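Hi,

Here is the structure I promised to pass on.

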Amino acid sequence: MRPLHDPPAAPRINPSILAADFVNMQAELARIAGADFVHVDVMDNHFVPNLTFGPQMVGRIQETSPVPLDVHLMIDAPERWAPEYAELGAASVTFHLEAAADPVALARRLREIGARAGVAVKPATPLENLYDVLDEFDQILVMTVEPGFGGQSFMPETMPKLARLADEARRRGSSVWLQVDGGISASTIEIAAEAGADTFVAGSAVFGAADPDRAISELRRSAARHAH
């Protein structure tokens, strides 16, 4: 497996290909060469009520993407499937806390293979159970919409939870990345950055722009101005 790239400095902008033109994926990926990662949502129509794609498609994206892959698994039984995405070469693999039988064991397995290990939580899921094991993860994804569909509105009520997590991570000296996903735009990215996020998934705010790379730069600058 190729060695992981040096992690980019925060804030990180990870465009979500849910907002891309699937028929022209290679061209769409070329439009976001200035991103830190490309966010790839894998949905199984069980854990969430939608279906996207599996390892074969993610493998092709891995082969053609100019930036590393940030894979977000919205699936049941992540213990069975998550290691395969790490083995494909994804730089980061995030599974859902709600779906995992043993989150720490799975995170260790992903790191063993060579990926960054991430854990995601739905808006209503508390984070306190993760406080004592923060160092087992490279990234915690706080969903700012209900997972399963692109294009939803940002849920500001998730911000106090994120802010508590950011405070706890700082108190413990943790280097875990704090990611947000859902409804991230030029206005909401400021709110999330102020609450402590340093890694931002943006869909239509990037792929819907006339110049996606410029949109990425503007989002990054806006987040930096409001960094926690």
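Let me start with Arg172, which is partly exposed because its relative accessible area is 36% (buried is under 20%, exposed over 50% and partly exposed in between, with a 1.4 Å probe and protein chains only). Before I go on, a word on the source: this is a predicted model, where local features need pLDDT of at least 70 and side-chain atom pairs count only at pLDDT 80 or more, while totals for chains, interfaces and linings use all residues. Residues are numbered from 1 along each chain as its sequence is written, and side-chain values use heavy atoms, with hydrogens and water left out.

Back to Arg172: its side chain meets that of Asp132 in a salt bridge, at 2.9 Å from N to O. By salt bridge I mean a side-chain nitrogen of Lys or Arg within 4 Å of a carboxyl oxygen of Asp or Glu. Arg172 sits in helix H5 and Asp132 in the loop between E5 and E6, so this pair ties together parts that are 40 residues apart in sequence. Helices (H or I, at least four residues) and strands (E, at least two) are DSSP runs, numbered from the N terminus. Asp132 itself counts as exposed, with 66% relative accessibility. There is a network here too: salt bridges with shared partners join Asp132, Glu168, Arg171 and Arg172.

How many salt bridges are there in the whole structure? A search finds 14. Another one is between Arg220 and Asp36, whose closest N and O atoms are 3.1 Å apart. It links distant parts of the chain, with Arg220 in helix H8 (residues 212-225) and Asp36 in the loop between helix H1 (25-30) and strand E2 (38-43), 184 residues apart. Are the two partners buried or exposed? Arg220 counts as partly exposed at 22% relative accessibility, whereas Asp36 counts as buried at 12%.

Glu128 and Arg164 also pair up through their side chains, in a salt bridge of 3.8 Å from N to O. Here Glu128 is in the loop between strand E5 (116-121) and strand E6 (139-143), and Arg164 is in helix H5 (residues 159-172), 36 residues apart. Glu128 is partly exposed at 39% relative accessible area, and Arg164 is partly exposed at 44%.

Now for a helix pair. Helix H3 (residues 78-87) packs with helix H4 (residues 103-113) at an angle of about 20°, and their axes are 9 Å apart. The axes are lines fitted to C-alpha atoms, for helices over the stretch in contact, and angles run from 0 to 180 degrees between N-to-C directions. H3 and H4 are therefore roughly parallel to each other (angles under 35 degrees count as roughly parallel). Which residues meet there? On the H3 side they are Pro78, Glu79, Ala82, Pro83, Ala86 and Glu87, and on the H4 side Leu106, Arg109, Leu110 and Ile113, with contact meaning heavy atoms within 4.5 Å.

Two backbone details to finish. Asn45 is not a glycine, yet has a positive phi of about 65°; Asn45 lies in the loop between E2 and helix H2 (55-64) and is partly exposed, with a relative accessible area of 46%. Ala77, also not a glycine, has a positive phi of about 50°. You will find Ala77 in the loop between strand E3 (69-74) and H3, partly exposed at 37% relative accessible area.

Cheers

Conventions:
Angles under 35 degrees count as roughly parallel, over 145 as roughly antiparallel, 65 to 115 as roughly perpendicular and the rest as oblique.
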